[in-house]
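My entries follow in the order in which I looked.

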Amino acid sequence: MGKTYYAMSFYNTTDTMETEKKAKERFDIKIMPTPRVISTSCGLAIRFLGEDESEYLHFAQELTVPLGLYRITMDIENESKAESIFIRNP
């Protein structure tokens, strides 16, 4: 059985850092390198340390910056697969 986590990626570092401040007020998060399975990004992503997909989606929809929210599943061989949950293009 694999592990699942949620990540939010951005098109620039400024949006990442501004969103990090807002996310820390509501969620347990970490800044991480953007997972390779997510192609468009500034190189940094927010990783949500919980499993409340509906709350992460609601948070993403409240933001005004371009972003992607993904469900990332790692299988037992540590291969990752990303499913987009919400995308706001620039």
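At the start of α1, I find a side-chain oxygen of N12 within 3.2 Å of the backbone nitrogen of T14, which I note as a polar contact (a pair of N or O atoms within 3.5 Å; within protein, one must be able to donate a hydrogen and the other to accept it, and residues adjacent in sequence count only if both atoms are side-chain atoms). I keep in mind that this is a predicted model, in which local features need pLDDT of at least 70 and side-chain atom pairs count only at pLDDT 80 or more, while totals for chains, interfaces and linings use all residues. Residues are numbered from 1 along each chain as its sequence is written, and side-chain values use heavy atoms, with hydrogens and water left out.

Next I followed α1 itself, which covers residues 13-24 and reaches 16 Å from its first C-alpha to its last, close to the 16 Å expected at 1.5 Å a residue (the expected span being 1.5 Å times one less than the number of residues). Helices (H or I, at least four residues) and strands (E, at least two) are DSSP runs, numbered from the N terminus.

Which residues of α1 are buried? I list D15, T16, T19, E20 and A23, where buried means under 20% relative accessible area and exposed over 50%, with partly exposed in between (1.4 Å probe, protein chains only). Seen down the axis of α1, these buried residues fall within an arc of 140° (taken from the directions from the helix axis to the C-beta atoms), so they line one face of the helix. The face turned away from that buried side carries the exposed residues T14 and K21. On the buried side, I see packing against β1 (3-10), β2 (29-33), β3 (44-48) and α2 (53-62).

Beyond four places away in sequence, M8 touches residues including T19, F48, F59 and L69, contact meaning heavy atoms within 4.5 Å.

Last, for the whole protein chain, I record that the elements run β-α-β-β-α-β-β from the N terminus on.
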